[in-house]
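Please read them with the coordinates open.

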Amino acid sequence: MSILSMCQWLQDTNIGTSIRESIWVFPIIETIHVLALSISVGLLLVSDLRLMGYIMKRRPVSEVYEQIKPWMFIGFAIMVVTGIFLFWCQAVKAYNSYFFRAKVVLLVLAAINALAFERGIYRTVDKWDNALVPPMEARVAGWVSLIFWLAIITCGRTMAYTF
Amino acid sequence: MSAIIPFFQWCDNSFIAQSIRNSRVAFPIIENFHLFALTVLLGSLVVLVLRQFGLVYKAQPISEVASALRPWNRWSMAVMLTSGILLFLSEAMKCYGNTSFRWKMFFLFFALLFQFTIYNRIVKNEGASAPIGGKIAAAVAVCLWFGVGLAGRAIGFLG
């Protein structure tokens with residue numbers, strides 16, 4: 001079974017068809033997906049900016065990052081759930097869109113960057129927690145995260161124009 | 001309302017509007033910037049509101065969180081308004097007949113008014129915790145700004 005035929009099967013399921021053909025459900029899910037950007041990427045921005053040394057410099061990095069994290073995860077959970085439903089109802093169009101494919105690749109890269117940060121430089125945060133400007137590796141992680149997420153938003157918004 | 005139709009027509013026929021319509025990529029690019037700015041604008045508001053409800057950054061006074069976020073809030077608002085005006089110009093006549101657009105302008109007017117006359121002053125003077133009035137103001141600010149976003153998204157869906 002090819003990926004394309006799996007996408008076809010997915011969007012032909014009851015749930016996929018119902019969302020696609022409903023007047024209200026699709027716009028509601030889509031609107032939640034867009035507005036939850038504020039809680040996901042919007043909050044991530046604050047911790048990225050702290051890592052870059054641009055915001056809340058007098059507060060420990062771990063404080064800025066750890067306290068916002070649970071809320072950020074709620075935001076990303078909303079994004080994932082709504083995103084899955086959006087994909088579900090138009091899987092074939094999404095699969096055929098280069099912007100969607102790029103978005104998936106960028107999501108994986110953003111996750112790898114986040115993981116590399118947590119498992120890497122962040123383990124030694126005790127040593128630079130109070131630094132006004134964190135070490136290079138942490139700053140790079142912040143920049144990379146921000147750039148990836150801007151690219152992900154761009155791909156997400158632009159793929160809809162190609163549908 | 002018909003008295004303002006000539007204004008919308010003038011916008012719709014302006015050089016900027018025509019240039020955006022004549023370009024295949026201008027509208028999507030401007031809209032992407034509109035969306036980046038939405039993320040920052042609403043994101044910075046959410047952080048501040050979480051702080052007012054005592055859910056994050058309790059070690060920092062509310063006024064300090066507000067001033068740390070202020071430049072991001074201001075700049076994203078500037079990008080939001082600039083890109084929004086450009087998007088509006090390019091489809092001014094469509095917006096004129098669009099109920100969601102009218103709701104968006106309603107919410108935007110009160111969101112800006114509330115933020116600059118009341119909300120900013122409140123958070124500037126709040127310390128370790130927000131009194132009930134401050135929390136109500138936070139909730140009002142969230143409703144108004146997310147109302148702008150909601151009505152904005154609805155412009156494309158509902159007409």
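1. In which helix of chain A is Ile153(A) found? Ile153(A) lies in helix 9 of chain A, where helices (H or I, at least four residues) and strands (E, at least two) are DSSP runs numbered from the N terminus. Ile153(A) counts as buried, with 20 C-beta neighbours inside 10 Å. The cut-offs are 20 or more other C-beta atoms within 10 Å of a residue's own for buried, 12 or fewer for exposed, and partly exposed in between, with C-beta atoms placed from the backbone.

2. On provenance: this is a predicted model, in which local features need pLDDT of at least 70 and side-chain atom pairs count only at pLDDT 80 or more, while totals for chains, interfaces and linings use all residues. Residues are numbered from 1 along each chain as its sequence is written, and chains are lettered from A and ligands numbered from 1 in the order in which they are written.

3. What does Ile153(A) touch, not counting residues up to four places away in sequence? Its partners are Leu37(A) and Val41(A) in chain A, and Leu35(B), Phe36(B) and Thr39(B) in chain B; two residues are in contact if their C-beta atoms, placed from the backbone, lie within 7 Å. Thr82(A), 71 residues from Ile153(A) along the chain, has its C-alpha atom 15 Å from that of Ile153(A).

4. The contact between the chains takes 25 residues from chain A and 23 residues from chain B. On the side of chain A that touches chain B, at least two residues each come from helix 3 (25-35), helix 4 (41-52), helix 5 (61-89) and helix 9 (136-162) of chain A. Helix 9 of chain A gives the most, with six residues. By class, this side of chain A has 16 nonpolar, six polar and three charged residues. Here Ala, Val, Leu, Ile, Met, Phe, Trp, Tyr, Cys and Pro count as nonpolar, Asp, Glu, Lys and Arg as charged, and the others, Gly among them, as polar.

5. Axes are lines fitted to C-alpha atoms, for helices over the stretch in contact, and angles run from 0 to 180 degrees between N-to-C directions. The crossing is right-handed (left-handed if the near helix is turned anticlockwise from the far one by less than a right angle, right-handed if clockwise). Helix 9 of chain A contributes Leu150(A), Ile153(A), Thr154(A), Arg157(A), Thr158(A) and Tyr161(A), and helix 3 of chain B contributes Pro28(B), Glu31(B), Asn32(B), Leu35(B), Phe36(B) and Thr39(B). The residues of this helix pair divide into six nonpolar, four polar and two charged.

6. The largest nonpolar core has 61 residues, and Leu43(A), Leu45(B) and Leu48(B) have the most contacts inside it. A nonpolar core is a set of buried Ala, Val, Leu, Ile, Met, Phe, Trp, Tyr and Cys residues joined through C-beta atoms within 7 Å. Helix 3 of chain B supplies the largest share of this core, eleven residues. Leaving aside neighbours within four places in sequence, Leu48(B) is in contact with Val65(B), Ala66(B), Leu69(B) and Val123(B). Another core, of six residues, lies apart and includes Cys7(A), Trp88(A), Ala91(A) and Phe100(A).

7. Chain B has seven helices and zero strands. Its C-alpha atoms fill a box of roughly 50 × 30 × 25 Å along the principal axes. Of the 159 residues in chain B, 35% are buried. Among contacts in chain B between residues at least 6 apart in sequence, 82% join residues at least 24 apart.

8. Within chain B, the axes of helix 6 (residues 99-124) and helix 7 (residues 132-157) come within 8 Å and cross at roughly 155°, which makes helix 6 of chain B roughly antiparallel to helix 7 of chain B. This crossing is left-handed. The residues of the contact comprise 19 nonpolar, five polar and one charged.

9. Most residues other than glycine have a negative phi. Met56(A), not a glycine, has a positive phi of about 45° and sits in the loop between helix 4 and helix 5 of chain A. Tyr57(B), also not a glycine, has a positive phi of about 50° and sits in the loop between helix 3 and helix 4 (62-90) of chain B. Met56(A) is buried, with 20 other C-beta atoms within 10 Å, and Tyr57(B) is buried with 22.

Terms used: Angles under 35 degrees count as roughly parallel, over 145 as roughly antiparallel, 65 to 115 as roughly perpendicular and the rest as oblique.
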